[in-house]
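Subject: Structure handover

Hello,

I am passing on the structure we spoke about. Please open it alongside this message.

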Amino acid sequence: MSQLLEIDRVSIRFATGRGDLQVVSDVSFSIAAGETVCLAGESGSGKTVVSKAVMRLIDDENGKISSGSIKLNGTDIAALPRQELRSIRGKKAAMIFQEPMTAFDPVFTIGRQITETIRRHDRRITPNEAHQRAVEMLRRVGISEPEQRLKQYPGELSGGMLQRAMIAMALSCRPELLIADEPTTALDVTIQAQILQLLQELKNEFNMSILLITHDLGVAAKIADRIVVMYAGQVIEQASTAELFARPHHPYTQGLLQSITTMDSDRSQRLFAIPGSIPGHADLPDGCRFHPRCPYVSEKCRSEAPPLKDWGGRQAACWHTDRLIARGERPPAFEAAAAASSTPEPADASAGLPDDVLIELRRVTKHYPFGRSVFSRKKGAVQAVEDVSLAIRRGETFGLVGESGSGKSTLGRVLLHLERPTSGSVLFEGRELGALSPAKLREERKHMQMIFQDPYGSVDPRWKIGDIVGEPLSVHGRAGAREKKEAVLELLSLVGLSPAAYDRYPHEFSGGQRQRIAIARAVALRPKFLLADEAVSALDVSVQAQIVNLLSDLQRRLNLTILFIGHGLNVVRYVSDRIGVMYLGKLVEIAPGERLFRRPAHHYTRALIASIPTPVPERQQDLGVIHGEIPSPAHPPSGCRFRTRCPAATARCALEPPELREIGPGHFVACHDPAG
Amino acid sequence: MREAASVKTAWRTKRTPTTLQRTVPKIVVARWMSLTAGAVVLFLIACALVPQWIAPYSPTDMQADRILLPPGSAYWLGTDYFGRDVFSLIVYGARESLFIGFASVLVGGVSGALLGALSGYLGGWVDSVLMRIVDVIMTIPGVLLALAVAAGLGPGLWNIVLAVAIASLPNYARIMRGQILSVKSRPFITASRSIGASELSVFVKHVLPNSLSPLLVMACIGVGTSILTGSGLSFLGLGVLKEIPDWGALLSQGRGYLTVAWWICTFPGMAITLFVLSVNVIGDELRDALDPRKRRE
């Protein structure tokens, strides 16, 4: 196979206020025609920078390719004058981005943006032909009524739809290379599965190569032929997908693979986590850049950087690859995977718990009215949560899953009474929160705390860590300054932070560390109930495991009850005793965690589980992808809200909304015709 | 972010410097621009406080034998048509100009910020009513508004300050309201509420400090524009008629002589420009110094 893209010893520097920063060092890899190569790594590894360098987009961000060459079809992009770049961008290589919502210009129609792209590269095409081609492309990427869609503005389409349109636009000039930068990260699992499948089909049809940038090895396993792993600006390993998963040659890759929470992770064991976090580009460690986090570290690793060495058709940059291979073991995660399929269904621990309810929702509904202004034509309400009843028992972890737009976060906020329900009531230890006076409610908040998704936004950037963690203590008027400081220091050590953090500001910490800060603050008042709203979704895989472990430790030590909201089904399965599945404001299934995954009854739950990419290449089954997208909560379908996407929908589903009913011990489902 | 990741290793290797230790070297090695700006502002403030120590001549001293002398060794910035020393006039004029500049920003900025903050934080009808009032004020050009207010109140230093303050108030209110609205919706505000903090403490401890920095920058620019507006008013005869003119009055008096004696209005103009520039530089420094994310070497 001829090489389409050859990246040869490329280093990239960025000019910053504090001098030049080398962000990528000596990266080499190539992509053959028709091949899918995945560039994997955590945030800060430099993978996105490399992908942008291929299009020379870094020029606009004060970046420059300081050495090496990037050859696309033999043309060295690194040496190309700026004017000639336009002939490459879009025409030979095209890019799709992580946030489809922001990648389109909101003030032009989709059609105008696509036809413009087509005509920019070939002036001979008439506007009419360009329009025809745009219609064809949209149809090809699976958008229904393409003529209509072309007339719409980006804001009128959903995320999944926009990502399809983005792909259509990228492919409209028949590029030879498609660069996809985290194309599915911002999307729901069900949509992610659809997009990945689409990319796979299009690759064959258009005979192009794909450079996929992702942090999710599950996604990589699904569509990549080869995987290049980056760490702190360097390539540390590259191998074919099967080889990489079967036998990683670098401790970092091994660690990454092990820290993925899979459908088979043993709930009784702690998750594997790589200690520490990725170093900043400004102060990289000497020698091997991974050595401070590496279990195989030796004296040599500290002083000398290992070169990228050939290991029979694959490469790894480690002094100890031979030791890794000699041990000859498959990483433990995979052993567990092999073992789990044969173990009998464990007795449900939660079934034996006393029915001691800590927090209860009674027929809670939350509507957001819109269109109340004089000028709006449409009036109505977004039905975010519709008639949900739920009881969470003391000491359990209840998981809540669903696509975005399912109302799970709203439910969480209503539960804490950060928002008042439109109807229905929330009972905490038997007291109705809605009936309490504001002062009483504030008092009650001591017992219920929350951890947010975004570890950057949820702490005040102007406060020191000590004050942030101590704020709940001051608010509830406990103790003097000295006692408070002692308490805060204790909390910091509880979540694994150094006491030195006390006088520092949030920006000095990484995402994982900030999430620890948020957790320390949340448990400061020894609450009974903790709401973790997507608390680990924004974190890197290796850090995610650290935080999940911390949460389970704390739950045991402090006897917490946790509501864990997440879209990462694997993680939710790992942490939760019971799981609830939400769809379009309705709770459609509740079951003990293990049981839900082994015997999902609702067709939506089945689809959700099927959509999870498995990080084991051999086990890639053709997924039972559900079609379409979640409808607007302002106009939910009649009867069963899932019927528009349900493979088993009947006439009855359109007429009669199904009620939750018990089909097994602790297993409730709202479906007229449950599966299995 | 990038530096953040290394914190863990830093703990092990070196002692954490305190905030003071990190700030002091910064002051010492501060860029020359901030130093110059600081020097200019200090000098002008000194002029305002003790002009008699700085000015070589009395500003009221008119001498027929030195009319319209160009800048030279005896009269550094030349003399005007009355035979007064331009440099001494500028030094003595600083008091009035600086007072109008600072006082009107203080009055306009504080009251504007308060209105904007109330409006943004409370929302609802309070917001609607306050913002419509601000909108109405905004439709009238600033100078015209100041003129009307000054004319209504009659001449006088405080009335000028008030006129300029009212004219600048809507801008502060708008900016503050926008800031409050955006800060209000950030997760750490919800986070604070979720631990049971009262509305007042959320507002004072979180919303306000995070909303102030653009206002600070605007206030610095505002000092300059206020001096100019104040000057405009005194040019139109609504200022205080005194024997010592402020910078704006100097500027307008010298205008007629621009072709024969450029120095009469050029130097007061430069004084205004220099002062405004310096205050802006200091404003930027101040904003950075107040932001913990930038408070590092």
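Below are notes on confidence, on the chain contact and on some helix packing.

Confidence

This is a predicted model. Its overall scores are ipTM 0.72 and pTM 0.78.

For chain A the average pLDDT is 85, and 92% of the residues score at least 70. Among the elements of chain A, the highest mean pLDDT, 94, belongs to strand S20 (residues 561–565). Helix H14 (residues 332–340) of chain A has the lowest, with a mean of 40. In residues 330–353 of chain A the pLDDT is below 50, and this stretch has 35 contacts in the model beyond near neighbours in sequence.

For chain B the average pLDDT is 81, with 88% of the residues scoring at least 70. The pLDDT is below 50 over residues 1–25 of chain B, a stretch that has 35 contacts in the model beyond near neighbours in sequence.

Domains of chain A

Chain A is split into domain 1 (103–174), domain 2 (246–340) and domain 3 (359–669). The centres of domain 1 and domain 3 of chain A, taken over C-alpha atoms, are 37 Å apart.

Where the chains touch

On the chain B side, 27 residues are in contact with 37 residues of chain A. Helix H1 (7–13), H9 and H10 of chain B are the elements that give two or more residues to this side. H9(B) provides the largest share, seven residues. Sorted by class, the side of chain B that touches chain A has 11 nonpolar, 10 polar and six charged residues.

Helix packing in chain B

Two helix pairs are worth a look, and H10(B) takes part in each, packing with H9(B) and crossing H11(B).

Helix H9 (residues 187–194) of chain B packs with helix H10 (residues 199–235) of chain B at an angle of about 150 degrees, and their axes are 10 Å apart. Because of that angle, H9(B) is roughly antiparallel to H10(B). Their crossing is right-handed. From H9(B), the residues Phe188(B), Ile189(B), Ser192(B) and Arg193(B) meet Val202(B), His206(B) and Val207(B) of H10(B). The residues of this contact comprise four nonpolar, two polar and one charged.

The second pair is H10(B) with helix H11 (residues 247–255) of chain B, whose axes come within 7 Å and cross at roughly 55 degrees. H10(B) and H11(B) are therefore oblique to each other. The crossing of H10(B) and H11(B) is also right-handed. On H10(B), the residues in the contact are Ile227(B), Leu228(B), Gly230(B), Ser231(B), Gly232(B), Ser234(B) and Phe235(B). They meet Trp247(B), Gly248(B), Ala249(B), Leu251(B) and Ser252(B) in H11(B). The residues of this contact divide into six nonpolar, six polar and no charged.

Regards

Definitions and conventions
Residues numbered from 1 in each chain as written. Chains lettered and ligands numbered in written order. Predicted model: local features only at pLDDT ≥ 70, side-chain atom pairs only at ≥ 80, totals over all residues. Axes fitted to C-alpha atoms, helices over the stretch in contact; angles between N-to-C directions. Helix = DSSP H or I, 4+ residues; strand = E, 2+ residues; numbered from the N terminus. Parallel < 35°, antiparallel > 145°, perpendicular 65-115°, else oblique. Left-handed = near helix turned anticlockwise from the far one by under 90°. Contact = placed C-beta atoms within 7 Å. Nonpolar A, V, L, I, M, F, W, Y, C, P; charged D, E, K, R; others polar. Domains from an automatic or database assignment. pLDDT = per-residue confidence, 0-100.
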